[in-house]
Every structure is written in C-alpha cells, then in structure tokens.
Amino acid sequence: MKTKLLSFTALFSALLAFTSCLKGNDDEGTTYDDSAITAFSLGTLKYTKHAKTKAGADTIIHTTLNASSYKFYIDQMNREIYNVDSLPYGVDVRKALCTIAAKNGGSVVLKSMTSDSLKFYVTTDSLDFSKPRTLIVYSQSGKYNRSYTVKVNVHKTQVGRFVWQSTTGQDSRLGALSAMKAVAMNGKVYVMGTENGTTKLYATSSNQIQNWQQLSPDKTLDAQASSNLIAFDGFLYTCSGGQILRSQDGQSWETRGSVALRQLVGGVNGVLYGVGNSGMMKSEDGGTSWSIDTTNGDLSELPSQNIHLFSFASKVNAGVYNLVMVGNAPTTNDVLGAKVWGKQIDPNQPAQPWRFYGLDEPAYVAPGLTHLQIVSVGDDLIALGGKGLGNYQAKAFESFFVSEGQGLGWKKDDRITLPEGFESSETSFAMVVDEHQDLWLIAGGSGKIWKGNLAGLILKK
C-alpha cells in the first residue's frame with residue numbers, strides 16, 4: 001500500500017516534540033495517563049505452510065492466517081509490545097496490517113527501519129515487522145510522549161518437523177576412531193575415541209561443522225577414557241586408569257581423585273555420578289572424593305556400558321528434579337532392552353535412593369542397541385544405535401527411538417529420519433546436542449557429519 005508520509009509543514013511543526021524521543025529520553029513530566037499505547041493486534045497475514053498430500057508426499061500450501069487471535073502484551077514499564085505465543089513458521093510479517101489504540105486518542109507515529117525519519121500510523125498501511133520496530137505515541141495536547149519497541153515473534157523452525165540442515169561436514173580422522181563419544185561444552189563439540197590403541201580427542205566450534213582440531217592431552221588416556229567422557233560444570237571429565245581427570249580445554253588435564261567405576265555417567269547440580277561395582281557412586285567435590293549413593297533394587301540390573309544421565313526439572317515444584325539414567329546391561333544374554341534407573345532430588349525431603357524402572361510391557365522398553373547413543377530434547381529422550389542386543393530385535397540404525405516419559409514408554413519415531421546417504425560403523429558413531437539445540441550425528445568409518453536443529457520438536461508441545 002502507498003505510504004503516507006508527514007507533510008513538510010507537519011514534520012517541521014512536530015520536530016521539537018520528536019527530538020527528545022529520537023534521543024531515547026522522555027520529557028520529565030511524561031506520565032502513563034497522558035500518553036500510552038493501550039492495545040495492539042495484527043490482522044490477516046500471508047502464510048506458507050508445509051503439508052502432506054493424501055499419498056503422503058510433501059507439498060506447500062499458500063494461504064492466510066488471521067493473526068488477531070495472537071495476544072500482544074504491552075509492558076508499560078519496559079515499553080515493549082510483544083506476543084508470547086509465536087506466530088507459526090512460514091507466516092510473512094513483512095506486510096502486516098495492525099490495529100493500535102492510544103490513550104485519550106493520542107497520535108501514533110512509526111520510526112523508519114533505516115533512519116530517524118517518522119511517519120504517522122495509518123490503519124490501511126502495511127508495515128514491516130520482520131525486525132523490531134519503534135512506535136511513538138503523543139498525548140492529545142502534544143506535550144508528552146512515550147516510545148515502544150514492537151517485537152513480532154515468529155517460529156524459526158516448523159513445529160513438529162526436523163530437517164538435517166548441514167550435510168557437508170567430513171573428517172576422515174573422526175571416521176578412523178573406534179568407540180567414539182561426543183559431548184558439547186562452552187561453544188564447542190568434542191569427540192573422543194581410540195585409533196590403533198591410542199585415545200585421541202578432537203574439537204570444533206559448535207558453529208563449524210568442519211575445521212576439527214586435534215587436541216594433545218598432557219596425560220595418557222586409556223582405552224576406556226572415551227566411554228567415560230562427559231561435560232559437567234564447564235569441564236570435560238573422564239575416568240582413565242581408575243583416575244578421575246578433568247580439563248577446561250581438552251589439553252591440560254588435572255587428576256581429581258581415584259575410584260573404581262564401570263562408567264562415569266554424568267553430573268547434575270554440582271554432583272558427579274558413576275556406576276560402580278557395588279552400586280551407584282557420587283562425588284560432591286568435583287571428583288576428588290567418592291561415596292556410595294543409595295540404590296534400591298537388584299544391582300545386577302544396573303547398566304554398565306553406553307550409559308547416559310539426564311535431569312528433568314519438575315514443572316510443579318521449584319528446585320525439584322528427576323534424574324534418569326539409561327544404558328545397556330553388563331551382559332546381553334537373554335536381556336530385553338536397555339536398563340532405566342532414576343531418582344528424585346528434592347532439597348526439602350530426605351535423600352531418595354536410585355530405583356530400577358522395569359517395564360512389564362515389552363513393546364515400550366528402552367531400546368537395547370549396539371553402541372547406544374541418547375540425547376535429550378525438552379522433556380523427551382532420543383536414541384539411536386546399531387543392531388539390537390540380546391533379545392531386543394532391531395536392525396542397525398533402522399529408526400530413531402523416542403521416550404516422551406522421561407526414559408519410559410519408548411517407541412519408534414518417524415519425525416526424525418537418518419540423513420540421505422548415511423553410512424556408519426554400528427560400533428563407532430556419535431550423537432550429541434549442542435547449546436543451540438542442534439543435533440550432531442558423526443559417522444564412524446566415513447567421518448561424515450550432519451547437523452540439524454531440534455527446535456521444531458521442542459515446540460510441538
């Protein structure tokens with residue numbers, strides 16, 4: 001639509017009033033009663049969305065969305081206007097009609113996106129809200145004014161969908177590793193594994209799928225160090241030769257303490273956890289001293305390999321969270337599925353023991369897969385692995401498995417599929433989620449690397 005600019009005469013007469021606003025300072029006597037925006041809403045917007053045909057093929061639909069049902073909040077204290085519920089992915093907010101109400105019939109003007117020029121707000125003008133915009137409302141007398149920043153939030157990822165976004169990464173050095181494991185920490189992704197009996201460690205920025213740097217640890221790491229690799233409280237931790245080691249950069253390592261563990265599994269709220277020969281172990285001082293953590297259940301059901309630890313905050317009680325541990329059994333003979341254990345941490349209650357979460361329904365057991373890899377996304381867990389172990393029947397990499405019950409109720413999930421051309425050793429590959437909620441998949445053998453953002457799956461709820 002044609003933009004209606006202030007006439008030269010009107011602009012000249014308004015300059016004195018506008019000057020203070022452009023400097024970001026209101027007149028000392030400005031009050032809410034004199035000038036304020038009291039309501040803001042959007043109209044009908046263009047909407048391009050993905051759908052499926054009756055035959056199941058992907059298609060694109062060009063339609064519209066009535067955005068008036070999306071409530072905009074007006075924060076008078078911070079002078080911000082925004083929608084908490086983001087508009088759907090694919091909505092075009094570059095040409096939006098909006099309705100704005102001002103206190104006592106005040107005048108509303110809009111600041112340009114590229115300069116300090118101003119124009120009056122007109123209901124029939126389409127406005128570009130692809131970036132935050134500045135609105136200024138003047139009192140009826142023209143004496144007082146308030147400026148607001150308008151932010152129209154739109155989902156950056158389609159809800160419920162996952163797409164591999166980067167598929168060009170490859171590093172043959174990673175592909176040569178056996179028993180590799182990856183962790184994300186401080187803006188980097190680390191991969192550790194063994195090659196010809198030597199443990200090696202590589203790292204890259206979480207913004208770079210390539211450009212991997214080989215690190216040179218100043219301590220000798222044994223063949224079990226990679227399976228024990230975790231990220232906790234800003235440090236890399238591992239257990240090598242019965243020694244707990246930690247490092248901030250992967251090169252300079254310090255010895256923290258000694259402990260006999262089947263596997264170091266993770267850390268939550270200042271406490272490290274590991275599976276020992278006599279049950280669960282914990283350290284509250286960064287791995288220096290260790291003690292037995294109470295375990296309620298058959299210790300033979302404790303996992304001993306490919307173990308992953310997760311924490312889920314309670315949605316009801318602040319400061320309360322559930323720990324969930326999932327891993328493969330010490331022996332795969334006559335075993336159906338991976339082992340799931342958990343405990344609740346409540347600072348207002350006596351310490352609770354770890355408990356075995358056995359399931360009576362075989363269809364929903366945790367997947368017992370070769371080199372089982374598990375990551376968390378929101379309140380869900382996502383698992384991938386090689387062929388099934390013991391009595392758990394599964395082909396290598398046949399599907400991603402998801403638990404929406406914090407480690408319980410596992411099932412195949414086709415929202416995530418393997419990237420095109422995926423090939424990997426089923427005994428050596430890595431899966432990790434970084435601070436951007438990007439899922440990384442690193443293939444053993446080829447060293448190919450893929451990554452994609454999980455935000456669409458997080459937002460589905």
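Predicted model: local features only at pLDDT ≥ 70, side-chain atom pairs only at ≥ 80, totals over all residues.
Which residue in β36 is the bridge partner of I442? The legends below take you there.

View 1. Residues are numbered from 1 along each chain as its sequence is written, and side-chain values use heavy atoms, leaving out hydrogens and water. The bridge partner of I442 in β36 is I449. Strand β35 (residues 438-443) pairs with β36 in the antiparallel sense over five bridges; strands are DSSP runs of E, at least two residues long, numbered from the N terminus, and two of them pair if DSSP finds at least two bridges between them.

**View 2. Strand β36 beside β12.** Strand β12 (residues 164-170) also pairs with β36 in the antiparallel sense, over four bridges. Here Q170 stands opposite K448. Five of the six residues of β36 (residues 448-453) are buried, so this strand is largely enclosed by the rest of the structure. Buried means under 20% relative accessible area (1.4 Å probe, protein chains only).

**View 3. D75 in strand β4.** Look for D75 in β4, which spans residues 72-75. A polar atom of the D75 side chain lies 3.1 Å from the backbone nitrogen of M77. Not counting residues up to four places away in sequence, D75 touches E80 and Y82, where contact means heavy atoms within 4.5 Å.

Conventions: Buried < 20%, exposed > 50% of the residue type's maximum accessible area, 1.4 Å probe, protein only. Polar contact = N/O pair within 3.5 Å; in protein donor to acceptor, adjacent residues only side chain to side chain.
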